[in-house]
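Here's a quick tour of a protein model, meant to be read with the structure open beside you.

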Amino acid sequence: MGVQQNLKFDALVLGGGIAGLEAALNLAEQDFSVAVVEKDASIGGKMIRLSKVFPTLDCSSCITTPKMAAAAHHPKVTLLTYCELQSLERRGDELVALITQKPRYVDLEKCIGCRQCEYQCPVLVPDAEQGGLAARKAIYIPFSNAIPQKALIDPENCILCGRCEKVCPTQAVDFFQKVEDFTLTAATAVIATGFEMMPLEDKVQYGQGQIPDVITALQMERLLAPHGPYNRVLRPYDGKEPDSVAFIQCAGSRDQSMGVPYCSRVCCMYAIKQAMLLSGSLPLADLTVYYLDIRAFGKGYEQFFQNAQAMGVNFVKGKVAYVEPGEGGAVRLRYESQEAEGGVQVVEHDLVVLSLGLLPGWTPGASCALSTGADNFIKTVKPKLAPALTELSGVFVAGAASGPKDIVDSIVEAGAAAMEACRYLAARGFKAAG
Ligand SMILES: Cc1cc2nc3c(=O)[nH]c(=O)nc-3n(C[C@H](O)[C@H](O)[C@H](O)COP(=O)(O)OP(=O)(O)OC[C@H]3O[C@@H](n4cnc5c(N)ncnc54)[C@H](O)[C@@H]3O)c2cc1C
């Protein structure tokens, strides 16, 4: 890929998750040219990595893939994947973004996604796309419905054996690719950089990722997904089907000591969803959710919660204080019960899922003229009447970039941000579709 000095678009969308794709498509349908800048090798954000979605239990990849494909095929949308934003500033009427294209070591134009390189690669490393529960090669396409369907090399693990280069039918492998910087100018921008989950290592009292059968909720999404690591739900310790699964709520949210005093908003609902899905795949297993409050705030969510109770999911009100390894791969929980029995209780489960807090996906540094609120998410200046407005004129925010949010709210906010961006462009003489 050559150096692109200056790309010019009507709008820049930072982040190719569901909020960014929705905002980009709304803008493109109004005939504005849009660049979607995504730091990962594929668009799709967290949603493409989920199993099914509450409250409808739609297959997540079945409803996300068409949106990804629509963005990829839209003549007004340009996808710039594997790109990092270095700085963003306003210069007169223009926003100027400095962006770094990270090297894939595979020529994007030449790669035909045939995976011959992947089949020949002798290196196996944990696959982050599968929560580290399966392996991938050192040259790989991130996942089966990734967009673009192009390979990349992980330089940390590549042993430079050259097998991929020899087998590639289009000579796409390029070990000499370098980091390239380019500038991108646009009149308006939508920030849709989403969230990350709190690292497991930060949870000292929950084993810091050292107990194999204490996993994150995103790992459980992969275990439940049709193309998951094992194609069924097995516990990582010994590959056995778990007889009892526990969910620990507020594992990092509403916790001053972790610097996350806020509620992460989606954890109650996704834990209920995962427990319901498990009751289908492990019909004989005991499923317990340890919670402080259940926040089922959205349309249809309370009914969803009640359905889970009717299906036999056990809800125990109590704060889990400590998690430690038990006998034969079991996990021991100490919790303070707020049920009738009260007091400190000790129980064992085969598999424990942590509903970790949600943190901002991206925090603008000093080189980006945007600021964050007390929660470190992108600051909005009119949270009631115009929730997409940021401090920087012409820059709007959508989805979990401004705070934890479910898919419905992310989509709604993406529409609002795109509408604000359209109005901003129209006021400056840019022409929308008639
Ligand atoms: C375990 C779990 C289960 C969930 N289940 C459900 C569910 O069933 N139903 C539901 O409604 N919600 C669910 N959610 C919430 C859902 O994932 C979010 O609502 C949704 O992903 C928000 O979309 P987004 O586009 O705002 O953010 P994201 O999905 O996080 O996408 C943000 C994108 O921006 C990119 N990015 C970040 N920083 C940069 C940067 N500096 N430059 C370029 N790109 C960048 C990221 O790589 C990513 O692709 C769940 C969440 C979790 C953790």
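## Around Leu-12

Skip the neighbours within four places in sequence, and Leu-12 is in contact with Ala-35, Val-37, Leu-95, Ala-97, Leu-184, Ala-186 and Ala-189; two residues are in contact if their C-beta atoms, placed from the backbone, lie within 7 Å. Together with Val-190, Leu-12 has the most contacts inside the largest nonpolar core, a set of 129 residues. Such a core consists of buried Ala, Val, Leu, Ile, Met, Phe, Trp, Tyr and Cys residues joined through C-beta atoms within 7 Å. Helix 6 (residues 267–281) gives this core its largest share, 10 residues. The core also draws at least three residues from each of domain 1 (6–195 + 359–427) and domain 2 (199–357).

A note on the model: it's predicted, so to speak of local features takes a pLDDT of at least 70 and side-chain atom pairs count only at 80 or more, while totals for chains, interfaces and linings use all residues. Residues are numbered from 1 along each chain as its sequence is written.

## Overall build

The protein has eight helices and 24 strands, which are DSSP runs numbered from the N terminus (helices: H or I, at least four residues; strands: E, at least two). Its C-alpha trace spans about 65 × 60 × 35 Å along the principal axes. A compact globule of 434 residues would have a radius of gyration near 22 Å, and the protein's 23 Å agrees with that; the radius is taken over C-alpha atoms, and the globule rule is 2.2 Å times the number of residues to the power 0.38.

Of the 434 residues, 47% count as buried. Buried means 20 or more other C-beta atoms within 10 Å of a residue's own, exposed means 12 or fewer, and partly exposed is in between, with C-beta atoms placed from the backbone.

The protein is divided into domain 1 and domain 2, with bounds from an automatic or database domain assignment. Their centres, over C-alpha atoms, are 30 Å apart, and 17 residues of domain 1 are in contact with 24 residues of domain 2. The domain 1 side of that meeting has eight nonpolar, four polar and five charged residues. Here Ala, Val, Leu, Ile, Met, Phe, Trp, Tyr, Cys and Pro count as nonpolar, Asp, Glu, Lys and Arg as charged, and the others, Gly among them, as polar.

Where does the ligand's shell lie? Both domains give residues to it, so it lies between them. The shell has 40 residues, the closest being Gly-15, Gly-17, Gly-45, Gly-194 and Gly-399; to be near the ligand, a residue needs its C-beta atom, placed from the backbone, within 6 Å. By class, the shell splits into 21 nonpolar, 10 polar and nine charged residues. Elements that each supply at least two of its residues include helix 1 (18–29), helix 5 (217–224) and helix 8 (407–427).

## Helix 5 and two local spots

Helix 5 is largely enclosed by the rest of the structure, because six of its eight residues are buried. Among them are Met-220, Glu-221 and Arg-222, and the cover includes strand 16 (214–216), helix 6 and strand 22 (351–356).

Asp-40 is found in the loop between strand 3 (34–37) and strand 4 (52–53). Asp-40 is partly exposed, with 16 other C-beta atoms within 10 Å. Leu-152, in strand 12 (residues 152–153), counts as buried with 23 C-beta neighbours inside 10 Å. Leu-152 and Arg-104 are 48 residues apart in sequence and 4.6 Å apart in space, C-alpha to C-alpha.
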